[in-house]
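User: I am new to reading protein models and would like to go through this one slowly. Could you help me with some questions about it?

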Amino acid sequence: MSDRFLLDGVQYSTDGLSEEGESLVKQLKFTQLKLQELNNKQALLNKAKNAYIADLKMEIVEGRSGLDLGKLFTDE
């Protein structure tokens, strides 16, 4: 059974590829996997950054108003 890979939106089979061609396909797949991992990390870091920004804004508002906004939204 042949392996398949996607190149410029077209799916190809590894049938008939030389050893160098098959090696290039493996390197391409590895690179695509690493890019996906980095995209996932970037999304996670952006989410963390946005949470830090939201917390900082809350701190700024609390500092200026003197109110503990966290206590306003809890059931304590």
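User: Is Tyr 12 buried, partly exposed or exposed?
Analyst: This is a predicted model, in which local features need pLDDT of at least 70, side-chain atom pairs count only at pLDDT 80 or more, and totals for chains, interfaces and linings use all residues. Residues are numbered from 1 along each chain as its sequence is written, and side-chain values use heavy atoms, with hydrogens and water left out. Buried means under 20% relative accessible area and exposed over 50%, with partly exposed in between (1.4 Å probe, protein chains only). Because its relative accessibility is 37%, Tyr 12 counts as partly exposed.

User: How many salt bridges are there by this rule?
Analyst: A salt bridge here is a side-chain nitrogen of Lys or Arg within 4 Å of a carboxyl oxygen of Asp or Glu. By this rule, the count comes to 2.

User: Which residue forms a salt bridge with Asp 3?
Analyst: Asp 3, in the segment before strand E1 (4–7), pairs with a residue of helix H1 (residues 19–65) that lies 26 residues away, where helices (H or I, at least four residues) and strands (E, at least two) are DSSP runs numbered from the N terminus. The closest N and O atoms are 2.8 Å apart, and the partner is Lys 29.

User: How far apart are the closest N and O atoms of Lys 34 and Glu 37?
Analyst: Both residues lie in helix H1, 3 residues apart, which is about one turn of the helix. Lys 34 is partly exposed at 35% relative accessibility, and Glu 37 is partly exposed at 33%. In their salt bridge, the closest N and O atoms are 3.3 Å apart.
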